[in-house]
Amino acid sequence: MRSDRRGFLGLLACAGVAAVLPFRPAHALDAGSARALIDRSLGEVYQVINSGQAPAVMYQQFEAIFARYADVDVIARSALGPAARQTDAATFAAYKQAFQGYIGRKYGKRFHEFVGSRIEVTGARQLKSFYAVTSVAYLNGRAPMEVEWHVSDRSGQDLYFNIIIEGVNMLASERAEIAAMLSRRRGDVAALTADLRQAG
């Protein structure tokens, strides 16, 4: 069941590693726009799932949805951990692009498991500098699950940066997996980037 949950939320969000954002007042972002962001992203994911296109094309589309609606920079930095602060801009940019593709492929490959499932957005509320959008996931033959999406406008546009399912950060394991891959490469971020281009 745990792997089913990881796959489902990973596919829908294609990201969501936790990040700590500094407090600042929300500006253009409000509950309605945060909720609309999640509605739009879910709508696009379901459109791809039900499109009947070739898997390779679908993976590219999942990656594009991730890039459009997620704060890829925050997520990639969080996944990389302390090494992100020690990595030069060009090396980090290459890693971030590889990480984005890795997420799209990894979770996109599970799309066939989720045809006919759905997520219903139920509300949104402000939590300090970001908004929490609540929803319920209905998977075929499984009990409904509560899912919470964290949305911020820190980057200058409304993007989600985290997903919580039944109180647990469902993609926290990505941080551990990236850390393990980096450790195998003795902390070489460029080598990790090469691995991510082949993984997923």
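The largest nonpolar core of this predicted model holds 51 residues; such a core is a set of buried Ala, Val, Leu, Ile, Met, Phe, Trp, Tyr and Cys residues joined through side-chain atoms within 4.5 Å. Buried here means under 20% relative accessible area, with over 50% being exposed and anything in between partly exposed (1.4 Å probe, protein chains only). Ile38, Leu80, Tyr95, Phe99, Ile178 and Leu196 have the most contacts inside the core. Its largest share, eight residues, comes from helix H2 (residues 31-49); helices (H or I, at least four residues) and strands (E, at least two) are DSSP runs, numbered from the N terminus. Leaving aside residues up to four places away in sequence, Ile38 touches Val121, Val133, Trp149, Val151 and Tyr160, where contact means heavy atoms within 4.5 Å.

Helix H4 (residues 72-80) is mostly covered, with seven of its nine residues buried, among them Leu80. The cover includes helices H3 (55-69), H5 (89-108), H6 (172-184) and H7 (189-198), plus strand S4 (159-165). Just past H4, Gly81 takes a positive phi of about 75°.

As for H5 and H6, these two pack at about 125°, axes 13 Å apart (lines fitted to C-alpha atoms, for helices over the stretch in contact; angles run from 0 to 180 degrees between N-to-C directions). On the H5 side, Tyr95, Phe99, Tyr102, Ile103, Lys106 and Tyr107 meet Glu174, Glu177 and Ile178 of H6.

Residues are numbered from 1 along each chain as its sequence is written, and side-chain values use heavy atoms, without hydrogens and water. Local features need pLDDT of at least 70 and side-chain atom pairs count only at pLDDT 80 or more, while totals for chains, interfaces and linings use all residues.
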